Amino acid sequence: MRVLVVEDYPPIRKAVVKGLREAGFAVDATGDGEEGLWYATSNDYDVVILDLMLPGLDGLTILKRLREDGRTAHVLILTAKDAVSDRVKGLDHGADDYLVKPFALEELLARVRALARRAYCVKNPCLELGDLRIETTAQRVWIGSEEVYLTAREYALLEYLAMRKGEVVSRTEIWEHVYEFSSEADSNVVDVYVGYLRRKIDRPHRPPLIRTLRGKGYSLGASE
Amino acid sequence: MMMSVRTRLLLWMMGGMVLLLIVFAAVVYEVLSRSLLEGFDEVLLASARTISAAVERDDSGIRFEMDERQAPEFYRTIKPDYFQLWFADGGILARSPGLTRSGMEQLSGPPDIPVFRPAKLPDGRAGRAVGLVFTPKADEEAKTAATPKQVSLVVERDTGSLEASIRFIRWLLAAATAGTLVLALLAGAVAVRQGLRPLDALAARIAAVRQDDLSARIPVERMPAEMIPVIGRLNDLLCRLDDAFRRERAFTADAAHELRTPLAGLRCTLEVALLQPRTGADYREAITECLGVVQHMQGAAESLLALARYESGQATLHPEVLDVRELIESGWRPLVDRARARGIAFDARLPMDLRCRADRDVTQMIVVALLSNAAEYTNDGGRIEISGRNSAESLELVIANTGCSLSEQDAPHVFDRFWRGDRSRTHTGIHCGLGLALVQRSATVLGGSVSARIADETFTVHLILPA
């Protein structure tokens, strides 16, 4: 899941980015309004965390432009303005959620996870596919009764494929939703990680969970 | 003692009314009773004239001959009137039939001029008497013109009916006065209530002003002219209160915002640090970050407090003559090393004798804030220029720095509280945008002014203080 953080106060930005990354999200961050709008419109983010008082371009304007541009990314407004009218204004501008500073990091993470699930019309935090079970809250994976230990990147890849189970997902999409701008990798790295993942979750004498569709991409749990 | 305006008005009105009515009634009583008495006397005199006409003089002497029908009032048996005629020598010429035993007292004045007086009638009734001294007219048959002899006459009549009339008038006047007073009291009460109704309306309107919405003003329309100045003053007061509350609210909101943001940063940083076991270096980094945030909070809190004090007028000023050159030098000293490291040139063109008359602490704060601001936003390798001059009544200080990324239209906003227009500010993260707002407030407090201009990537601040 890929998240954009637009927050101009560096301590908050740094901490939120760190917290999100450690929770398995791919995170891009900026402290400038215009840069934030550019990020948000040139990429398909699952969740955008948006501060309202920003230099360059304020949060509500970014939100308006984003919606005018047809972007459906789930937006969580993060602000020190706590008046009801401010919340209503934010939500009416097309925001999906609102969190007032100061906030608990845990709550922010939970809300971001919920918004990310909603991005794929998934409500159950526990994703199941045959005997594969993914607990998105704890970021743990089981095959049957056996727990599988994945790296953060592997987990992010599996979670994204599971969120879109049954669909064909292109390398570019995977790359856009699992990797950050700052990562040097290109979309070829996706193949490498899919390989790692397969080695951990496929079991002998069973059909592979991740199917490769040549020239199209990958699919998790698609029927033959 | 507390007394309502209504009671006071009513009391004064009734007091005046009672006095007026009593005087009026007394005058009416006097006039009426006098005119009644005059009427009575006239009738009495007419009776006397009838009697006097019956007295004739001829050669043989003076005679009194009268027909009973001419003056029946003297001949009736019940409550008759009385008369008595005397010769000039005091002998009785004639008397009314009612006067059997006792006689009457003589009452004489100048001839042919009637004299009146109250009298007690022979039968004991209260009455009034008229005395008339006259010369009886001569008989036609009298040939000799003997020396005319005067006759004196007294007629007395019972005043019972006159007194009854006067009594009636007295009662009538008393009743009328009392009635008028009662009616006046009622009318007065109604009038006072009507007259004070705008006061009640005003009270209701004042009561309707709520603490959380002081923007309401009391309307002047349909208010009596006397109330308009009062309402005007009240509205002024409301206006000032509203301003004060608005400032208070704005300050609270600003303070809340300005403290929430670093608090959020602090909490976030600490929570992330605790998320999982980390190395000592990681913890050290988190602690350093938190310390920076705390410094920011401290600065923000102090600035907010200073700003609040100036805005509420709590701070007392001690104006003195200040050496501005020295203030600038001492203000720049802490910034020198960092500026030098960033390659910033500092060019101060100040005359030797640069002075102003102002509070030292406030002026120092202005100078330090402007210098730090300039040092903060000047681009690496940029330039800060300071020039100053004294005129007869003011000190003008111009501080310009290069590397400004704001547009010309942003210039008026730089003094807004918490306005953060400069993106470079977000990279340092230790400025909260209070500095210039505080400078403007402080300059106003000192009786000066401050303005900003942005042109060719140069940010110029003009500070004017009284000399």
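A residue is termed buried if 20 or more other C-beta atoms lie within 10 Å of its own, exposed if 12 or fewer, and partly exposed in between, with C-beta atoms placed from the backbone. The structure is a predicted model, in which local features need pLDDT of at least 70 and side-chain atom pairs count only at pLDDT 80 or more, whereas totals for chains, interfaces and linings use all residues. Residues are numbered from 1 along each chain as its sequence is written, and chains are lettered from A and ligands numbered from 1 in the order in which they are written.

Glu457(B) is partly exposed, with 13 other C-beta atoms within 10 Å. Although not a glycine, Glu457(B) has a positive phi of about 60°. Glu457(B) is placed in the loop between β14 (449–455) and β15 (458–466) of chain B; strands (E, at least two residues) and helices (H or I, at least four) are DSSP runs, numbered from the N terminus. Lys79(B), likewise not a glycine, has a positive phi of about 45° and lies in the loop between β2 and β3 (82–87) of chain B. Lys79(B) is also partly exposed, with 14 other C-beta atoms within 10 Å. Most residues other than glycine have a negative phi, and most peptide bonds are trans. In chain A, the peptide bond from Lys101(A) to Pro102(A) is cis, with omega near -5°. Pro102(A) belongs to the loop between β5 (97–100) and α5 (105–119) of chain A.

In chain B, three strands form an open sheet of mixed pairing, in the order β2-β1-β7; two strands pair if DSSP finds at least two bridges between them. The edge strands β2 (61–64) and β7 (137–138) of chain B each pair on one side only. Strand β1 (residues 55–58) of chain B runs antiparallel to β2(B), to which four bridges join it. Arg57(B) has Ile62(B) as its bridge partner in β2(B).

Helix α2 (residues 160–208) of chain B comprises 49 residues and reaches 70 Å from its first C-alpha to its last, close to the expected 72 Å. The expected span is 1.5 Å times one less than the number of residues. A bend of about 40° occurs in α2(B) at Leu196(B), and Pro198(B) follows within four residues; the bend is the angle between axes fitted to the seven residues ending at a residue and the seven starting there.

Between the chains, 22 residues of chain A are in contact with 22 residues of chain B, contact being defined by C-beta atoms, placed from the backbone, that lie within 7 Å. Helix α1 (residues 10–22) of chain A gives the most to the chain A side, with nine residues.

Terms used. Two residues are in contact if their C-beta atoms, placed from the backbone, lie within 7 Å.
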